Amino acid sequence: MTKLDLALLMLQQLKRYVSETVRLWVALDSWYFAKEFYLAIEKLEFDWVTRAKSNTTLYRKVTIRGKERFIQILPSALYKEARPFSAFWKKKGPVCMRFTDIYLQIDEIHRGKGYRKEPVLKPVNAIVTAYLEEDEENGETKKVFALLLSNQVTAKATEIVHVYKKRWAIEIFFRNAKQELGLAQCHSTNENHVHAHLSLLFIAELLVRFAQWEYNEKTGKKEEVTHGQVVDLLFHTRCEVRAKHVDSIQVYFDTATQRFTSFFEKYWPSHYSMAWFSMQQNWYSSPLSG
């Protein structure tokens, strides 16, 4: 199965758990922008938004001598039209410019011998925006225009840009998971082990993000800590374990974790209970005793 097949399978499985009254957005990486894929997404009644590639062929409806015609254009043509407004954009922040009468070719028909093949076109919502976080992360210091396309023709441009920007948070999560949380360090071939590994990783990411947010909220921007610094301070710091009593184990952390004392007070358990249990026991409802 290809990546497109696997992605579509995942969306089909998700559809089973989504109410018919709920309509979800799918934010696509430009690699997934394939005709067969986004048409299949629409059949599942999902909305999609993606960033057009520089060589994406678009069609624009124009009126020439009183007749409507469709001409081929590239995203660069829309960038040129949007450029005069870029100075105004920078003052007002991340705003966007919507273009009407933009279409994608989804098929073509041939009416017979002597006739040209005619494209079958689908209207799309086309928005030119700039200053996306993904461009800044990739080292782009100058203004970079991006063309966003969506099947939701009637949606507001600001809504579509907002939905697409959420995709970058997922990219950041996977980068942090690989570099700092050990996403690729599960060497088991057992499927249950892999699921458990991913579940623990999501829990760890949730706790790290909460600790980062709580600390930065208190200290302000001057002493902000990054995701990597929180991981180093919480997971890689030196600690000392002492068995003070037979039934007591105490853990002493390095002073580097002192800034997260409130985090430990909220989530560090007051005690652990460990014991053998019977497989016949309903251990989901019966507490373990030891």
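Modeller: Start with one term. Buried means under 20% relative accessible area, exposed over 50%, and partly exposed in between, with a 1.4 Å probe and protein chains only. This is a predicted model: local features need pLDDT of at least 70, side-chain atom pairs count only at pLDDT 80 or more, and totals for chains, interfaces and linings use all residues. Residues are numbered from 1 along each chain as its sequence is written, and side-chain values use heavy atoms, leaving out hydrogens and water.

Biologist: Why is Val163 called buried?

Modeller: Its relative accessibility is 13%. The limit is under 20%. Therefore Val163 counts as buried.

Biologist: Where does Val163 lie, and what is it in contact with?

Modeller: Val163 lies in helix α6, residues 157–179. Helices are DSSP runs of H or I with at least four residues, strands are E runs of at least two, and both are numbered from the N terminus. Contact means heavy atoms within 4.5 Å. Leaving aside neighbours within four places in sequence, Val163 is in contact with Trp25, Ala27 and Val49. Val163 and Val49 are 114 residues apart in sequence, but their C-alpha atoms are 7.7 Å apart in space.

Biologist: Is Glu134 buried or exposed?

Modeller: Buried, because its relative accessible area is 9%. Glu134 sits in helix α5, residues 133–137.

Biologist: What makes the pairing of Glu134 and Arg51 a polar contact?

Modeller: A polar contact is a pair of N or O atoms within 3.5 Å; within protein, one must be able to donate a hydrogen and the other to accept it, and residues adjacent in sequence count only if both atoms are side-chain atoms. The side chains of Glu134 and Arg51 are joined at 3.0 Å. The Glu134 side chain also makes a polar contact with the Arg167 side chain, at 3.2 Å.

Biologist: Why are α1 and α2 called roughly parallel?

Modeller: Axes are lines fitted to C-alpha atoms, for helices over the stretch in contact, and angles run from 0 to 180 degrees between N-to-C directions. Angles under 35 degrees count as roughly parallel, over 145 as roughly antiparallel, 65 to 115 as roughly perpendicular, and the rest as oblique. The axes of α1 and α2 cross at roughly 5 degrees and come within 11 Å. Therefore α1 and α2 are roughly parallel to each other.

Biologist: Which residues meet there?

Modeller: Leu4, Ala7, Leu8 and Leu11 in α1 meet Phe37, Ala40 and Ile41 in α2.
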